[in-house]
Amino acid sequence: MNGFEAKYVDLPDGRVFTWQGGEGPLLLFLHATGMCAEVYGELLSPLTAQWRVVACDARGHGRTKLPLLARVDDWIPYREDARRLLAALGAVQLGAGDQSR
């Protein structure tokens, strides 16, 4: 991804793979099910002019190294992963985006 650096962020139970680029308020981008953050490179690159963009691979996707879930019909573990990632990134003020609609 142009303008981004590949970085792992350590969490207590594993590592989240991220693409990070830009400066400013944090913008965390979450990809759609079955995809990975790298798919959105062209969309996210222009945002680095105003934001510190962090696009992560969710649990069970891409290069993230977190234990797989026994069930995937519950979004709470994904929410908790995002909360822990934000804490590890030192998020104080942020924007969030996703691919839906």
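Me: How many aromatic pairs are there in this one?
Reply: The count comes to 4 aromatic pairs. Keep in mind that this is a predicted model.

Me: OK, how do Phe-17 and Trp-19 sit relative to each other?
Reply: Phe-17 and Trp-19 are edge-to-face, with 90 degrees between the planes and 5.5 Å centre to centre.

Me: Are those two buried or exposed?
Reply: Phe-17 is buried, because its relative accessible area is 2%, under the 20% cut-off. Trp-19 has a relative accessible area of 10%, so Trp-19 counts as buried too.

Me: And what about Phe-29 and Tyr-40?
Reply: That aromatic pair is tilted: the planes are 55 degrees apart and the centres 4.8 Å apart. Phe-29 belongs to strand β3 (residues 26-30), while Tyr-40 is in the loop between β3 and α1 (41-44). They are 11 residues apart, and the pair links distant parts of the chain. Both Phe-29 and Tyr-40 are buried.

Me: What sits over the ring of Tyr-8?
Reply: The charged end of Arg-15 does, 4.3 Å from the centre of the Tyr-8 ring.

Me: Switching to strands. Why is β3 described as largely enclosed?
Reply: Because 4 of the 5 residues of β3 are buried, the strand is largely enclosed by the rest of the structure.

Me: How many bridges join β3 to β4?
Reply: There are 5 bridges between β3 and strand β4 (residues 52-56), and the two run parallel. Leu-27, for one, stands opposite Val-53 in β4.

Me: Next, the largest nonpolar core. Which residues are in there?
Reply: That core has 12 residues, including Val-9, Leu-28, Val-54, Cys-56 and Leu-85. Two or more residues each come from β1 (5-11), β3, β4 and α2 (76-88).

Me: Which element gives the largest share?
Reply: α2 does, with 3 residues.

Me: I'm curious about Val-9. What is it in contact with, leaving aside its neighbours within four places in sequence?
Reply: Val-9 is in contact with Gly-14, Arg-15, Val-16, Thr-18, Gln-20, Leu-85, Ala-88 and Leu-89.

Me: What does the second, separate core include?
Reply: That one has 11 residues, among them Ala-32, Ala-37, Tyr-40 and Ala-55. Tyr-40 is the residue that forms the tilted pair with Phe-29.

Technical notes. Residues are numbered from 1 along each chain as its sequence is written. This is a predicted model: local features need pLDDT of at least 70, side-chain atom pairs count only at pLDDT 80 or more; totals for chains, interfaces and linings use all residues. Side-chain values use heavy atoms; hydrogens and water are left out. Rings of Phe, Tyr and Trp (its six-membered ring) pair if their centres lie within 6.5 Å; planes under 30 degrees apart count as stacked, over 60 as edge-to-face and the rest as tilted. Buried means under 20% relative accessible area, exposed over 50%, partly exposed in between (1.4 Å probe, protein chains only). A charge sits over a ring if NZ of Lys or CZ of Arg is within 6 Å of the ring centre and within 35 degrees of the ring normal. Two strands pair if DSSP finds at least two bridges between them. A nonpolar core is a set of buried Ala, Val, Leu, Ile, Met, Phe, Trp, Tyr and Cys residues joined through side-chain atoms within 4.5 Å. Contact means heavy atoms within 4.5 Å.
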